Amino acid sequence: MKYDIVVIGSLNYDILVQQDRLPEIGETFTGNELLLMPGGKGANQAVQCAKLGLNVNMIGCVGNDIYGSALIKSLDGSNVSVAHITQRGKTSGIGIVQILESGDYCSTIIKGANYLIEESDISESLFKEQPLVILQSEIPDHVVERAIKLASHHHCKILLNNAPAREVSRQSLSLVDFLVVNETEASFMSKMSVASVNDALTSAAELHKRVRGQVIITLGEKGAVLSSDEGAQHYPAVFCPDVVDTTGAGDSFIGGIAYCLVNDISLQEAIPFAAEISSCSIQKYGGQSSFPMLPDVAHALTQNRQRLFS
């Protein structure tokens, strides 16, 4: 099978606790509900791409535990290829997520088998048909850097979601076609505060100098900004009247961007489309289970095209 997308990244089993607020230091606070479900930035992005109808190959590691088996089964059930997912080590990656009444969340990630993926797992054969390659930062940095180098050698387009934010070598950044980060990650990378849309436009323009292609900074309810050779532009958020859980919203956004890139749709159209997808995802609890299918969001592409070209 020819794959549209190769995702190299993390798979976590998520433990979500819905609670009214975070406890104070030393306080025991009662949660309202416990949810268990598959997650991890890499797996989330792979699933959203697959739900939009793309052929997706996932590369990563899970542990030899019940969580690893569940993660593989879940991806397979979402029509993501699991042929290159390795079971290695005792423990899978775990995400402990606290969801607040507002829908905002905070999380702690247990690395587990995600950090047992090796450079030898990233073979040249993965890139020979020039799929779009998607990477994040929940696996070792040297593995990400090898993947970028090999993908570039095979003339693949590379989308890097530097989340959680960490240092990326200038050489690797110079090979990235699409850098997608949120305001916190952009602030870390650009070494400047990103607290407003204007801050984000400035930060995106600075980061744009370091990559081969374009930069997108997502800003939650403030929308997103794009920096390209034509300059920097702000895109407003899609209004969402009922925010339940923002877990995975950034991953669903990236799935929408990837769909457009594979289908030669401009980023000017892609960003509002991806925002619509993200807006759908935050109206339900969890990550992958909340992600929309293509028929649920296809109208957004039509509307954006009419707006841009009318």
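Modeller: Lys 222 sits in the loop between strand S11 (214-218) and S12; strands here are DSSP E runs of at least two residues, numbered from the N terminus. This is a predicted model, where local features need pLDDT of at least 70, side-chain atom pairs count only at pLDDT 80 or more, and totals for chains, interfaces and linings use all residues. Residues are numbered from 1 along each chain as its sequence is written, and side-chain values use heavy atoms, with hydrogens and water left out.

Colleague: Why is Lys 222 called partly exposed?

Modeller: Buried means under 20% relative accessible area, exposed over 50%, and partly exposed in between (1.4 Å probe, protein chains only). Lys 222 has 39% relative accessibility, so the residue counts as partly exposed.

Colleague: What makes the pair of Lys 222 and Ala 195 a polar contact?

Modeller: A polar contact is a pair of N or O atoms within 3.5 Å; within protein, one must be able to donate a hydrogen and the other to accept it, and residues adjacent in sequence count only if both atoms are side-chain atoms. A polar atom of the Lys 222 side chain lies 2.8 Å from the backbone oxygen of Ala 195.

Colleague: Why is Ser 227 called buried?

Modeller: Its relative accessible area is 2%, so Ser 227 falls under the limit for buried. Ser 227 belongs to strand S12 (residues 224-228).

Colleague: Why does Asn 182 count as partly exposed?

Modeller: Asn 182 has 25% relative accessibility, so the label is partly exposed. Asn 182 is in strand S10 (residues 178-182).

Terms used
Helix = DSSP H or I, 4+ residues; strand = E, 2+ residues; numbered from the N terminus.
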